[in-house]
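We'll go stop by stop, picking residues and looking at what is around them.

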Amino acid sequence: MEVDKFHFIAIGGVGQSALAKILLEQGYTVTGSDIQESKYTKLLKDLGAKVYIGHSEDNIQAGFNVVVSSAIKEDNPEIIKARKLGLKILHRSDMLKILSENCKAFIGFSGTHGKTTTSGLMSYVLEKGGLNPSFAVGGIIPSLNINAKSSLNYRDSYFIAELDESDGTIKKYCPKYMVINNLEVDHVDFYKNGLSDIFETFNFVCEKFDESSNIFINIDDAGNKEFLKQLKTDAKIITYGIKSDTVFDSMHYSAKNIECKNKTTSFEIYKNDKKICNINSILLGIHNVYNILAVVSVMSEIGLNVCVFEEHFNSFSGMGRRFEHNRIFDDIEIIDDYSHHPTEVKCALSSARNYTENRVVAIFQPHRYTRFQGLFEDFKTSFENCDLLFVTDVYRAGDKPIKGFEAYDFVNQINKENVFYAKGTIKEAGEFIAPYLKNGDTVLTIGAGDITKMGEVLENEYRKIRKI
């Protein structure tokens with residue numbers, strides 16, 4: 001790259017911090033700003049980044065490229081200063097594109113759900129297996145305690161990344177290996193026409209591929225089936241799935257003999273009619289069978305003997321905030337989950353139901369008014385696998401409130417005795433919820449906002465009430 005200095009606006013975001021970390025490990029000078037400190041900013045400081053708390057034009061210096069995310073608006077003082085100085089401004093997708101093009105092979109994980117888990121799982125397995133990959137994923141890999149890494153042999157390494165479709169920037173990438181986990185309506189503020197717009201975006205990406213590229217697609221997913229009917233590409237199509245009633249050609253990779261018991265999921269994976277590995281994973285739920293199957297499919301196609309890596313699949317504990325065990329007190333377990341789409345919520349609660357024989361308590365924080373409005377009816381049927389449901393106020397994430405789509409509107413429309421509105425801040429909501437908890441409960445805090453702080457609040461309030 002021509003410039004060796006980079007300034008990241010909102011450097012504490014999971015996507016921004018991943019790219020900043022890679023650049024730091026490659027020896028570039030990195031500065032950045034964010035409105036508050038976080039685990040990501042602390043990590044980057046330890047690696048040598050200069051991080052400013054608060055956005056100010058004083059943070060911008062001549063000679064830097066400036067990296068931004070879609071959340072950064074044109075009236076940001078640092079953007080204004082960068083333009084005055086004539087600095088190059090890169091969207092984080094541009095930065096990821098540059099980094100991915102300098103590696104041996106770019107492996108991208110895409111789709112509506114499972115991107116973080118699949119990209120994180122493959123990064124973990126290759127890292128533990130000694131292949132020394134480079135990666136940038138959308139969450140912390142707990143066992144490694146990082147969300148990104150630059151291999152010492154960067155140009156000869158596999159580069160693994162989560163490809164975000166939410167703002168259309170996925171159109172910039174051209175991975176050699178691309179996984180499409182599933183396709184479903186989401187990000188309704190950007191995809192105004194629903195699935196048709198999403199299909200258009202993914203077709204744009206896939207049309208760029210030549211015959212040396214590979215597209216891995218979950219053939220059991222309804223959205224993927226529709227997409228395949230209109231897909232135009234020269235790439236090799238590799239299918240994976242569980243069901244045997246597909247209307248397409250037989251699956252290339254399949255999971256068979258699936259058993260979920262003793263808080264583990266075991267199954268066999270076949271390539272065509274030949275078994276290639278046994279999995280005994282601590283990840284729960286059929287959705288995670290698909291996630292593992294996707295990664296195994298890619299690893300097999302790039303020429304790896306998957307059975308050599310079995311122990312690493314089995315030791316992977318999941319990604320941060322994906323059914324993550326947060327804390328236990330008085331035999332009450334708090335599990336934190338990033339789910340913010342109806343399908344994801346259903347998967348998380350299904351996993352919880354298989355995880356415990358006791359009560360499942362869900363605390364749901366809707367994320368963005370636009371998403372809550374667009375998927376309102378679907379959310380209503382997403383909580384059948386819980387015994388108690390508490391709904392907190394909407395986490396705005398920059399959205400303006402939309403009349404008729406507040407948390408209390410949702411609770412009123414469900415109108416069931418076991419559904420409650422927990423209003424106010426996380427602390428206020430936690431004070432309301434804590435008295436309902438009982439010994440042995442499994443509590444899921446669900447959402448992409450600051451609901452992750454709820455576990456600590458619940459423990460503190462519960463201990464006050466019980467005087468323990």
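How many disulfides does the structure hold? The count is 0, where a disulfide is a pair of cysteine sulfur atoms within 2.5 Å. Before you click on, note that this is a predicted model: local features need pLDDT of at least 70, side-chain atom pairs count only at pLDDT 80 or more, and totals for chains, interfaces and linings use all residues. Residues are numbered from 1 along each chain as its sequence is written, and side-chain values use heavy atoms, with hydrogens and water left out.

**Stop 1**

C174 is partly exposed, at 44% relative accessible area (buried is under 20%, exposed over 50%, partly exposed in between, with a 1.4 Å probe and protein chains only). Now pick C347: it is in no disulfide either, and its nearest cysteine sulfur, in C260, is 12 Å away. C347 is partly exposed too, with a relative accessible area of 24%.

**Stop 2: T265**

Show strand β14, residues 264-271, and find T265 in it. (Strands are DSSP runs of E, at least two residues; helices are runs of H or I, at least four; both are numbered from the N terminus.) T265 counts as buried because its relative accessibility is 1%.

**Stop 3: helix α4**

Select residues 92-100, which make up α4, and colour its buried residues: S93, M95, L96, L99 and S100. They sit on the same side of α4, because they cover an arc of only 155° around the axis, taken from the directions from the helix axis to the C-beta atoms. Covering them are elements including β1 (5-9), α1 (14-25) and β9 (158-162).

**Stop 4: the cores**

Next, select F8, F159, I180 and F227, which touch the most other members of the largest nonpolar core, a set of 47 residues. (Such a core consists of buried Ala, Val, Leu, Ile, Met, Phe, Trp, Tyr and Cys residues joined through side-chain atoms within 4.5 Å.) α1 gives the most to this core, with 6 residues. Apart from it lies another core, of 42 residues, among them F135, I292, M299 and V306.

Key
Contact = heavy atoms within 4.5 Å.
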